[in-house]
Amino acid sequence: MPVDQGPLSDALERSRHSLTLSNPNPRVGCVILAPDGREIGRGHTQQAGGPHAEVVALRDAAQRGESTRGATAYVTLEPCSHHGRTPPCCDALIAADMAKVVVATGDPNPKVAGRGLERLRAAGIEVELLPSEHPVALATRELNIGFFSRMIRGTPWVRMKAAMSLDGVTALGNGVSQWITGEAARADGHAWRARACAVLTGIGTVLEDDPMLDVRQVPTPRQPHLVIIDSKLETPPTARLFQAPAQGLARQIFIYCAASDTSRQAALEQLGSTVIALPGPGGKVDLAAMLRDLASREVNELHLEAGHKLNGSFIREGLVDEFLLYLAPQMLGVGGSGLANWGPLQSLDQRLPLRFASVEPVGEDLRILARVQGRDRFMHA
């Protein structure tokens with residue numbers, strides 16, 4: 001019998017409520033139907049350490065005074081089977097005496113990876129896993145692309161963001177860049193910051209712009225962590241980035257350097273930051289090692305907002321997964337900075353092939369999400 005699309009779509013919609021909330025846990029939704037087909041519970045995963053979607057939905061059913069005996073749970077990601085920050089969701093579903101669990105896609109976490117489904121079946125619960133190309137399965141993996149990246153590739157999903165004129169200028173020759181795009185695009189950019197586990201920039205941006213790089217223009221229950229690439233450890237202790245953001249939970253600040261200076265490191269760590277030395281060639285930070293280290297710190301999506309030099313390094317080393325670009329309907333001419341300083345290429349065979357994932361107007365500007373071809377192959381393996 002075909003799976004009922006209605007509760008699956010509802011569960012997917014619930015999972016979107018976890019977009020800025022559940023990091024580093026995946027964004028999961030759950031809907032419970034009684035044997036007669038009535039919806040009796042729904043929920044989505046809460047902040048790390050809080051209940052997962054299945055438990056929230058079970059509590060919702062209990063608050064409604066509904067019995068879950070013989071019910072069917074529709075959940076977007078395989079229920080966890082291990083003790084992490086919370087007990088296994090499988091145990092909660094089993095204790096609720098469910099008759100069936102429909103799962104959109106499996107959990108790539110090696111601690112789960114099929115064990116959740118096995119435990120449910122061993123308890124006598126009917127389990128149905130959607131085909132990998134089912135629309136809800138695809139949408140679930142896409143919503144959790146950073147989590148899948150960290151679990152499968154061992155690195156975060158890297159998204160490079162930039163605002164530029166139609167002729168590709170991100171800043172004038174004198175460094176002025178505020179504001180190339182309009183207010184709606186800037187707010188949209190903050191929404192993309194909010195969904196990331198961490199925002200990354202370079203020491204050049206810190207020294208030139210003194211940004212806070214927090215989420216201010218949209219509501220958020222948590223602030224993304226901040227990552228600074230600072231080869232010589234030049235971040236000033238007076239930088240605004242050390243000021244506590246006005247919204248959301250406190251963030252962590254990670255500063256990656258190539259050569260540590262004991263006194264400078266101590267001053268920065270007194271401000272609550274974590275300094276990590278990862279030297280690479282030429283006295284620079286080993287960016288590939290940095291991504292692996294961030295994955296070990298549970299960073300799923302990494303939002304890169306940096307200058308053209310650091311952007312060029314990420315592109316040159318093949319570390320960017322997709323580009324989030326805001327194009328303003330204006331021309332700024334020659335002499336300014338572009339998106340990235342890389343190349344020059346000797347032939348078109350060396351170009352970076354992309355595909356447009358989406359192109360949408362945002363206010364008076366245009367938002368382009370362009371994905372590097374093949375970078376999401378791991379999602380379909």
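A residue is called buried when its relative accessible area is under 20%. In this predicted model, Gln-223 has a relative accessibility of 2% and therefore counts as buried. Gln-223 belongs to the loop that runs between α8 (203–209) and β8 (225–229). A polar atom of the Gln-223 side chain lies 2.8 Å from the backbone nitrogen of Val-215.

Attention now turns to the aromatic residues. A pair of aromatic rings is described by two values, the distance of the centres and the angle of the planes. Across the whole structure, a search finds two aromatic pairs. One of them joins Phe-147 and Phe-148, whose ring centres are 6.4 Å apart and whose planes make an angle of 80 degrees. Because planes over 60 degrees apart count as edge-to-face, this pair of Phe-147 and Phe-148 is given that name. Phe-147 is buried, with a relative accessible area of 5%, and Phe-148, at 5% relative accessibility, is buried as well.

The other pair brings together Trp-157 and Phe-378, with 6.1 Å from centre to centre and 55 degrees between the planes, an arrangement that is tilted. This pair links distant parts of the chain, as Trp-157 and Phe-378 are 221 residues apart. Trp-157 is found in strand β6 (residues 157–165), while Phe-378 is in the segment after β14 (365–372). Both Trp-157 and Phe-378 are buried.

A further ring has a charged neighbour. The charged end of Arg-186 sits over the ring of Trp-179, at 4.5 Å from the ring centre.

Technical notes. Residues numbered from 1 in each chain as written. Predicted model: local features only at pLDDT ≥ 70, side-chain atom pairs only at ≥ 80, totals over all residues. Heavy atoms only, no water. Phe/Tyr/Trp six-rings, centres within 6.5 Å; stacked < 30°, edge-to-face > 60°. Buried < 20%, exposed > 50% of the residue type's maximum accessible area, 1.4 Å probe, protein only. Helix = DSSP H or I, 4+ residues; strand = E, 2+ residues; numbered from the N terminus. Lys NZ or Arg CZ within 6 Å of the ring centre and 35° of its normal. Polar contact = N/O pair within 3.5 Å; in protein donor to acceptor, adjacent residues only side chain to side chain.
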